[in-house]
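Subject: Structure for you to look at

Dear colleague,

Here is the structure I said I would pass on. My notes follow below it.

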Amino acid sequence: MSTTQTAERRYADFYRHQTKSPTLRGIYQDVYGDDYPAELEPFGFVTRTDLDRIAGLLDPPRGGLLVDIGCGRGGPGVAVAQARGARLLGLDVVAAAVEGAATLATRLGLPDAEFRQGSFTETGLPDGVAEAVLSIDALWMVWNKPAALAEVARILRPGARLVLTTWEPVYLDHSRMLTRAGLVVDSREETPHWKERQLAVYAAVLAETEALSRELGPGAEVIFEEARDTPPVLAETPRILLAAHRPG
């Protein structure tokens, strides 16, 4: 089974039930407070602060194509596209994630946004089509990261930018991989307050297993596994924000 098929299988049940879980929404709201973009219905650790920073770094031209890889249900990509007046194409390997994305985008005021299945390594897009590429908390799940970043470099037009967030263990150097893919790294930074917030979310998830199991069904196991297994590795695995561009 390919890594794409594995991710589709693991996360399909979660995304089908995500919006039915007031407990999960409440956990993020309690931990992040006003920095949590609840209206975007995100899954993960993205904040309003992150999105403002990402939009400023990407800065696509008005009407230019912004590709959001690993878009989930699309909310964060919609926010960045709206902030810069860009056209949005969201890609995710999980069909259940993108099924409701167009509805959410319309509700958020971006009815022309497009969403389809696609992956970091197989976007299905022509060379040089993207004015900007965004990815939030998705690259860490990709097995072949060099191939993924080479695909991003291929679809970016010369001069266009990539901004992504991910976690960087001590044995990985994302900046080096970006350089080898033919991109120029513009900045690398840790996202603000990431660790204490992430740990607080995990603690709350494990304290609410009964409610989350009831609301999310089998899909809850994805977040339970992450909450159990991830905290020990966070000391040496910072959540980073990387910005790069294709030269030319």
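Is His193 buried, exposed or partly exposed? With a relative accessibility of 47%, His193 counts as partly exposed, because the buried class ends under 20% and the exposed class begins over 50%. Please keep in mind that this is a predicted model.

His193 sits in the loop that joins strand E6 (184-190) to helix H9 (194-207). Its phi is positive, about 55 degrees, although His193 is not a glycine. Most residues other than glycine have a negative phi. Glu41 is another non-glycine residue with a positive phi, in this case about 50 degrees. The loop that holds Glu41 runs between helix H2 (22-32) and helix H3 (48-58).

Apart from neighbours within four places in sequence, the contacts of Arg73 are Tyr15, Gln18, Thr19, Glu41, Ala97, Gly100, Ala101 and Leu104.

Next, the strands. Strand E1 (residues 65-69) pairs with E2 in the parallel sense, over five bridges, and Asp68 stands opposite Gly90 in E2. Together with helix H4 (residues 75-84), E1 and E2 make a right-handed β-α-β unit. E2 also runs parallel to strand E3 (residues 114-117), to which four bridges join it; here Asp92 stands opposite Gln117 in E3. Strand E2 (residues 87-92) is mostly covered, with five of its six residues buried.

Helix H3 is worth a look as well. Its buried residues include Asp50, Leu51, Ile54, Ala55, Leu57 and Leu58. Viewed down the axis of H3, the buried residues fall within an arc of 165 degrees, so they line one face of the helix. In an α-helix there are 3.6 residues a turn, so residues three or four places apart point the same way. Among the elements that cover the buried residues of H3 are E1, H4, strand E4 (130-136), strand E5 (156-167), E6 and strand E7 (239-245). At the start of H3, a side-chain oxygen of Thr47 comes to within 3.3 Å of the backbone nitrogen of Thr49. After H3 comes Asp59, with a positive phi near 45 degrees.

Last, the aromatic residues. The structure holds 11 aromatic pairs. In one of them, Tyr11 and Phe43, the ring centres are 6.4 Å apart and the planes are at 55 degrees, so the pair is tilted. This pair links distant parts of the chain, as Tyr11 is in helix H1 (residues 3-17) and Phe43 in the loop between H2 and H3, 32 residues apart. Tyr11 is buried, with a relative accessible area of 7%, whereas Phe43, at 25% relative accessibility, counts as partly exposed. Phe14 and Tyr15 form an edge-to-face pair, 5.5 Å centre to centre with 80 degrees between the planes, and both residues are buried. One aromatic cluster is formed by Tyr28, Tyr32, Tyr36, Phe45, Trp140, Trp167 and Tyr202.

Regards

Note on methods
Residues are numbered from 1 along each chain as its sequence is written. This is a predicted model: local features need pLDDT of at least 70, side-chain atom pairs count only at pLDDT 80 or more; totals for chains, interfaces and linings use all residues. Side-chain values use heavy atoms; hydrogens and water are left out. Buried means under 20% relative accessible area, exposed over 50%, partly exposed in between (1.4 Å probe, protein chains only). Helices (H or I, at least four residues) and strands (E, at least two) are DSSP runs, numbered from the N terminus. Two strands pair if DSSP finds at least two bridges between them. A crossover is right-handed if, with the strands pointing away from the viewer, the path from the first strand over the helix to the second runs clockwise. Contact means heavy atoms within 4.5 Å. The arc is that of the directions from the helix axis to the C-beta atoms. A polar contact is a pair of N or O atoms within 3.5 Å; within protein, one must be able to donate a hydrogen and the other to accept it, and residues adjacent in sequence count only if both atoms are side-chain atoms. Rings of Phe, Tyr and Trp (its six-membered ring) pair if their centres lie within 6.5 Å; planes under 30 degrees apart count as stacked, over 60 as edge-to-face and the rest as tilted.
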